[in-house]
Amino acid sequence: MSRLPGNRLSRRLPAALAGAAVVALTAGSALFGAGTAAADPEAPAEFTVPIEINVPTDLAALIDQAAAISPEASAALNQLIGTAATEQITKALDIPDFGVTTPAAFMYPAPTVGCGLDGQMATVTLATAQSGPNFPLPPWVEDNQLRFQALPAYIGIPKTSELSVAWINTSTFKGGIVPLDETIPVVDTPLMSTVVDTGDGKVLAAMFGKVDYADGKSCIVLPTVGSFDA
């Protein structure tokens, strides 16, 4: 039976399994140390014999036990070990959870004045919020986050954005006011979006602010509100 090195495999064990092995082996170490001290009166009172905790050996015994029960038991244990390994590797590499979500719209388009279409003074700005996990396809949004995005109806190249979102998590009563300050790095163009660590729960949000365009137009975006699950 092939076995992985102890340090690598121990990181792949579920916490409960590894904890049980540590408790059992620690107790064995104490008993073994006490017996040695009794046999050698000259040994200091605090002397104990170090015992290497070999979690892979315990796991191998568990694998052998499952194999003795049935092929189904072996398959279940292998799946358990694989799941634990995947979780530990994901945490070690700080990889977000995989998933696909779609943006949810605010309750109504935000009335927008100062840069209307076809000679009109007013237009609208759509606003969305996308929950996580959304990975690996962009935009990357992790669990317990919301990505807010403004989508102006005015056709032009944004120069600066002073849009913001005020939010409050009604489950935790945490909240804040954050700028939609994501930009395209190469051309430094505002994307009018941002990702917020809102925490898990129902999130109420309001978007408002102003967008200036390269053609000199300035759009004032009146508030729109929405309710989202993070």
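Asp 212 touches Pro 158, Lys 159, Thr 160, Lys 217 and Ser 218, leaving out residues up to four places away in sequence. The residue is found in strand β11 of this chain, and the model is a predicted one. Asp 212 is buried yet has no salt bridge. The nearest side chain of opposite charge belongs to Lys 210, 4.0 Å away. What joins the side chain of Asp 212 to that of Ser 218? A polar contact of 2.7 Å does.

The structure holds two salt bridges. In one, Lys 202 pairs with Asp 229, and the closest N and O atoms are 2.9 Å apart. This pair links distant parts of the chain: Lys 202 sits in strand β11 (residues 202-213) and Asp 229 in strand β12, 27 residues apart. Lys 202 is partly exposed, at 33% relative accessible area.

The other salt bridge brings together the side chains of Glu 182 and Arg 147, at 3.2 Å from N to O. Glu 182 lies in the loop between β7 (174-179) and β8 (183-184), while Arg 147 lies in strand β4 (residues 146-152), so the bridge ties together parts that are 35 residues apart in sequence. Arg 147 counts as buried, at 13% relative accessibility.

Leaving aside neighbours within four places in sequence, Thr 189 is in contact with Pro 158, Glu 182, Thr 183 and Ile 184. Thr 189 is found in strand β9 (residues 189-190). It is buried, with a relative accessible area of 15%.

Next comes the covalent link. The count comes to one disulfide. Cys 115 and Cys 219 form it, with their sulfur atoms 1.6 Å apart. Cys 115 lies in the loop between β2 (110-113) and β3 (122-131), and Cys 219 lies in strand β12 (residues 218-229), so the pair ties together parts that are 104 residues apart in sequence. Why is the disulfide right-handed? The torsion about the S-S bond is about 130 degrees, so the disulfide has that hand. Cys 115 is buried, and Cys 219 is buried too.

The largest nonpolar core has 25 residues. Those with the most contacts inside it are Phe 106, Phe 148, Val 165 and Met 207. Which elements give two or more residues to this core? They are β3, β4, β6 (164-169), β11 and β12. The largest share, five residues, comes from β11. Strand β11 is also where Asp 212 is found.

Not counting residues up to four places away in sequence, Phe 148 touches Phe 106, Thr 128, Ala 129, Val 165, Leu 180, Met 192, Ser 193, Thr 194, Val 196, Ala 205 and Phe 228. A second, separate core has five residues, including Leu 59, Ala 73, Leu 77 and Ile 81.

Note on methods. Residues are numbered from 1 along each chain as its sequence is written. This is a predicted model: local features need pLDDT of at least 70, side-chain atom pairs count only at pLDDT 80 or more; totals for chains, interfaces and linings use all residues. Side-chain values use heavy atoms; hydrogens and water are left out. A disulfide is a pair of cysteine sulfur atoms within 2.5 Å. Helices (H or I, at least four residues) and strands (E, at least two) are DSSP runs, numbered from the N terminus. Buried means under 20% relative accessible area, exposed over 50%, partly exposed in between (1.4 Å probe, protein chains only). A nonpolar core is a set of buried Ala, Val, Leu, Ile, Met, Phe, Trp, Tyr and Cys residues joined through side-chain atoms within 4.5 Å. Contact means heavy atoms within 4.5 Å. Lys and Arg count as positive and Asp and Glu as negative; His and the chain ends are not counted. A polar contact is a pair of N or O atoms within 3.5 Å; within protein, one must be able to donate a hydrogen and the other to accept it, and residues adjacent in sequence count only if both atoms are side-chain atoms.
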